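I opened this model to look up how its parts are arranged and where they touch. My entries follow in the order in which I made them.

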Amino acid sequence: MMRKSRKESAAKLNQNGLTKRHLRFRVNGEVKEVATETNKTLLEVLREDLGLTGTKHGCELGECGTCTVLIDDEPVLSCLVLGVESEDADIVTVEGLMRDGRPHPLQRAFADLGATQCGYCIPGILLTSRALLDKNPHPTREQIREALAGNLCRCTGYTKILDAVELVVKGEVA
Amino acid sequence: MREKKFSVIGKPLRKVDALAKTTGDTRYADDLELSRMLYGKLLRSPLPHARIRGIKTDRAAKLKGVYAVITGTDLPERFGIMPSTQDEEALAGEKVRHVGDPVAAVAASSEAVAEESLKLIEVDYEPLKPILSIEEALACTEESERIHAWNRRANIQKAVSFEFGDVVQGFEQADQIFEDTFFFQGNAHLPMEQHCALAQYGPEDKLTIWSSTQTPHYLHRALSKVLKLPMSRIRVIAAPVGGGFGGKSDPFSHEMCASKLAMITGRPVKFTLTREETFYVHRGRHPVKMWIRTGVKNDGALQAMHFRSFLDGGGYSSYGLATVYYTGALQTVSYKLPAYKFEGVRVFTNKPPCGPKRGHGTPQPRFALEVHLDKIADKLGIDPIELRLKQLVEPDSITVNGLRVSTTGLRECIEKAAARAEWKKKFRQLPYGRGIGFAASAYISGAGLPIYWNGMPHSGVQIRLDRGGGITVFCGSTDIGQGSDSILAYVVAEEFGVDPADIRVVTADTDLTPVDLGSYSSRVTVMTGNAAIQACRKLKEMLVQVAGEALEVPVDDLEMAEGKVRSQSYPKRAISFAECVEKAETKFGTLGATGSYSPPKYPANYKGSGVGLTPAYSYSASIVELSCDPETAEIKVEKVWIAHDCGRAFNPLLVEGQSEGSVYMALGEALMEEQVFRKNGLHKFPSILDYKSPTTLETPQIETILIETNDPEGPYGAKEAGQGFLLPVIPAVANALFDAIGVRIDELPITPDKVLRALEGRLKPVSVPSFDFPPPIKWRPGEGVEVPQKS
C-alpha cells in the first residue's frame, strides 16, 4: 500500500513538473549541490534554492540585463539559462565579488561615486563590468558603453555608472 | 551656541546604503521569504470593458496546492489614493474597466501551481463597448456608456476651470496672439523592480506587510479601510524600492489580496508581478492633448494666456484629481503672467489607469508652454532666451493664481546654462542637421497639502540617543533610491557634529517610525530635513547644557564638531559626544526627541488653490544640442546642459545623480517611450524589448550646473532636487530639432517617422477636442488671506 501511494504521488509530482534533479556546480568559489526542479531557471535556482538573492530579476525574458551572472567568466542572463544547463559550471554572482571580506574596487567605486540609486540593476551591471575588465583592463568609455548596453538602469542616466567603471580602469579607487 | 561651517552638508559623501546595494545585501521585497510562505497570483481581465455575469472558482480551489481563491465579493470595499475618488476595487465586482483589471486572486504552494489554478477559474463576461481615446470618452455621454457610475457627467472624471486676473483685458492689450496645439503621449515608469508585496497575519490577529511602495502611510490607511482592520493592527514596511518614479505611490490590488489571503490561510502570502503586469498596473504619465493661446506685446512681454488640457485618465481615478489641476497650476511660476485662464478635463477610458510619474502632470503643459514660447520668439525675431529673461518671476512674489514664490535662481540657471553651452555662438548658426534648443521650468518641493485633509504634520522624525553615543533616527520616509535615508543621516550628523556613517537610520515602518507622507512630489528632503533639524535641536539644548557645566564654558561658545562638544575659543576644552550623552542622560533621564514639519500657510483660498502650493519652487533651465539626419530622421542627442536651482545641494553627488537620471528619463519620453494600446485594449508594447527606452548608447553627455539660492523654508536652504530637472529637457529637444532641420514636432515622442512626415509636409497639427468646460472660478491676486512668509 505504502509503496503504491508513494509511486502515485511521484507521478503527480511529475505532472506538476515538480520532479527534482540533483545539481552540482561551483558558485562564488564554493562547490554547491542542490536538488531542484528541472524547469527552474538558473536565476530561480540561485535565488530560491541557494538563497543568493543578490541576483535580481527585471523581466525574466532576457530583455533587461538585471539578472546577469558570470558563467565561466562570461556574462550570462540567468533568466534564460536552466539550472540543469549550468551543471559543473563556475558561476559568480554579486555575492562573490568581494575578496577576503573586502569589496571589489568596482563595488567601492559604485558606492563612492553615487552610481547606485535604487540599486536594483547594479548587481548585473557590476558583473558585466567585471567581465569586461577581466578581458580588457583598459577599456575606453565607448567600450564600457558598448559592454553595458544590454543592462538597463532607470535611475542613474548611466553617467555615474560609466564614471565609476572608468575610475576603476584608472586605478583611482580609494 | 555659535553657528559653524557645514561639515557634512555639501560634501560628496557615500550614501548610507550605497555599499549594501553593491554587495547584494539590500533586501528588496521579493528577496524576502518566510517559512510556510504561499505564492499569490491575480487573474486579470482579457477584455477592456465588460460586465461580470459570474465567476466560478471551485475547480481552481480544488487543485492540489491551492489554499485559497478570492473574488470581488471577498473585498468589496472600494479604495483609491484620493479620498474623494475612491473608485478602485481589489478585485472587480460588477465590471472590468481595462485589460489587466484583476478579477480573482489565488494563494498556492508555488507560483507554478498558482498560475495553473488561474486557468481553472471561469469568468462569464458580457463585453461592453470599450472607450479608448479622449475623443471617444468625451463623445460617450450617454448613461449607458458610462465606465464608472459615481461621477457626475458620464466618463468625465473631473473638469476644472479658472480665470486669474483680467484675461479679456490682457488679450486686448496684446499686439499679437499666438495659438498652438500639442500632444504628449503617455508613457510608463518602467522601474527595474516589478511590484511585490508579502503579507503575514499572525495568531495575535495582526497584519504585517512588506511592499515595494513609495507611500507606506497611505497604504496603511487603504489596507485598514479595505480589510476592515484598525490601523493599530496593521504594520506596513516599505522594503527598499527598486525604482519608483511615482509608479509605486498608489495602494494596489496585489497588496490588498496578499493581505486578505494571508488572513484567510494563516500563512504568509507573496505576490510578485510579472513585467507584463507592471505595464498593465501602470499609473504612468497621462496622455494629454493641449491647446494654448497667448497674447504678447511686440517685445515678447506676456499679456494673457489661455490654456486647455485634456487628460486620458484610463480606467480609474488614481491621482487624476490632482493631475488635472497640475496640468494648469505651474504654468505661472516661471514667467510673469498678468492674466491666465486654465481649463482642464480628465476622462475615463478603458485602459490601465494613469497616475503620477516624475513631474506629475507638469511635464506635459511645460512641453506645450516652452515650445509655444520658442515659436513666439521665432516669429517675433527675439532670441528665445532673451524672451524669457525679460519677464522672469521675481523672488518673494505671488503669482497670478496665488502661488507664493520665495527664492528663484532661474535667471542664474538660464545665464549659466547659456554660457556653458555657448548658446549665442550656436543658436541658428549650426549647420543644417545640427541644432540647439532651450527651455526652462519650475517644480514644487513637496505638495503644500496632504492627500487627505488633516492638520497633522507632513513629516515626523524621532531621534534616540544611546548611552554609548549611538544615534538612531526614526522616520516614515521611504528610500526609493533617491537617498532619503542618507538625507536623514546627513542632517543629524551635521547637527551633532558626528560622522554620518555612525548614525543608524530606521525608516518606512509604520510600527516603528513616525509618519512621513511618502516619497512623492519631491517633498522628502525639505520636510524630513526640517523635522530632523527640529528633533536634533531639542536634544542639543540638553547636550550643550551639560557640556557647558562640565567644561565650565558658556553655552554660547560651544560647538559640536568632530565627535566632540567643545569650546570654540579653547578647542581643547572638549568632551566626547558619547560622554556628553552620558552626562545628559544622568541629568535628564532617557534621551529622545521628536521633530515635525508642516508646510507654511498659503496666500490664496479659492477652491482648487491647494494644488501647486509648496514650501519652495525649484527652477531649471536646459539646453540640448542634437543632430538629425535629414534622410533617415534619426536623432542623436549630443549633449545636454542642465542648470538647477536646488536651494542647497545636501550632497552634490546625489543631486547630480538625480539630474542625470531625470535628463535620461526626459530623453526617453521625448524621443521613444510610449504606452499605447490596440483597438482591443491590449498594450502594444508590454515588454522591455518592445517598450523602447534609452540604453547607455543613447544617453549623451550630461553637464549639470547647480545653483544654490538658500531658501528660507528649506533645511539649510535646500529645495527640491528629484523631479524638476526632467521638465525643461523635453521641450528643449523639440526646440533643438527645429533649430536643426526647421520642422516643429508638437507631438511626443518625436520619432523618425513623424520627423520624415513633417519634412514632407505631411504631419498634421494636433487636433484638440471641443468640450463644454464648467464656468470658471475667478480669483485675483490680493483676494483671500495674505500670509507673511516664514523667514
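**Domains of chain B**

I began with distances in this predicted model: the centres of domain 1 and domain 3 of chain B, taken over C-alpha atoms, are separated by 39 Å, the domain bounds being those of an automatic or database domain assignment. For the record, local features need pLDDT of at least 70 and side-chain atom pairs count only at pLDDT 80 or more, while totals for chains, interfaces and linings use all residues. Residues are numbered from 1 along each chain as its sequence is written, and chains are lettered from A and ligands numbered from 1 in the order in which they are written.

I noted the bounds as 33–128 + 192–243 + 248–281 for domain 1, 288–449 + 604–759 for domain 2 and 456–597 for domain 3 of chain B.

**Chain B against chain A**

I then turned to the contact between the chains, which takes 42 residues from chain B and 41 residues from chain A. On the chain B side, helix H1 (18–23), helix H3 (111–118) and helix H17 (652–671) each supply at least two residues, and H17(B) gives the most, with seven.

**Core and helix packing**

Which residues touch the most other members of the largest nonpolar core? Of its 299 residues, they are B:Val106, B:Val473, B:Val492, B:Val729, B:Val733 and B:Leu737; such a core is a set of buried Ala, Val, Leu, Ile, Met, Phe, Trp, Tyr and Cys residues joined through C-beta atoms within 7 Å, buried meaning 20 or more other C-beta atoms within 10 Å of a residue's own. Helix H15 (residues 524–551) of chain B gives the most to this core, with 14 residues.

I followed H15(B) to helix H16 (residues 577–588) of chain B, where the two pack at an angle of about 100° with their axes 9 Å apart, axes being lines fitted to C-alpha atoms over the stretch in contact and angles running from 0 to 180 degrees between N-to-C directions. H15(B) and H16(B) are therefore roughly perpendicular, a term for angles of 65 to 115 degrees. Among the residues making this contact are B:Met542 and B:Leu543 of H15(B) and B:Phe588 of H16(B).

Technical notes: A residue is buried if 20 or more other C-beta atoms lie within 10 Å of its own, exposed if 12 or fewer, and partly exposed in between; C-beta atoms are placed from the backbone. Helices (H or I, at least four residues) and strands (E, at least two) are DSSP runs, numbered from the N terminus. Two residues are in contact if their C-beta atoms, placed from the backbone, lie within 7 Å. Angles under 35 degrees count as roughly parallel, over 145 as roughly antiparallel, 65 to 115 as roughly perpendicular and the rest as oblique.
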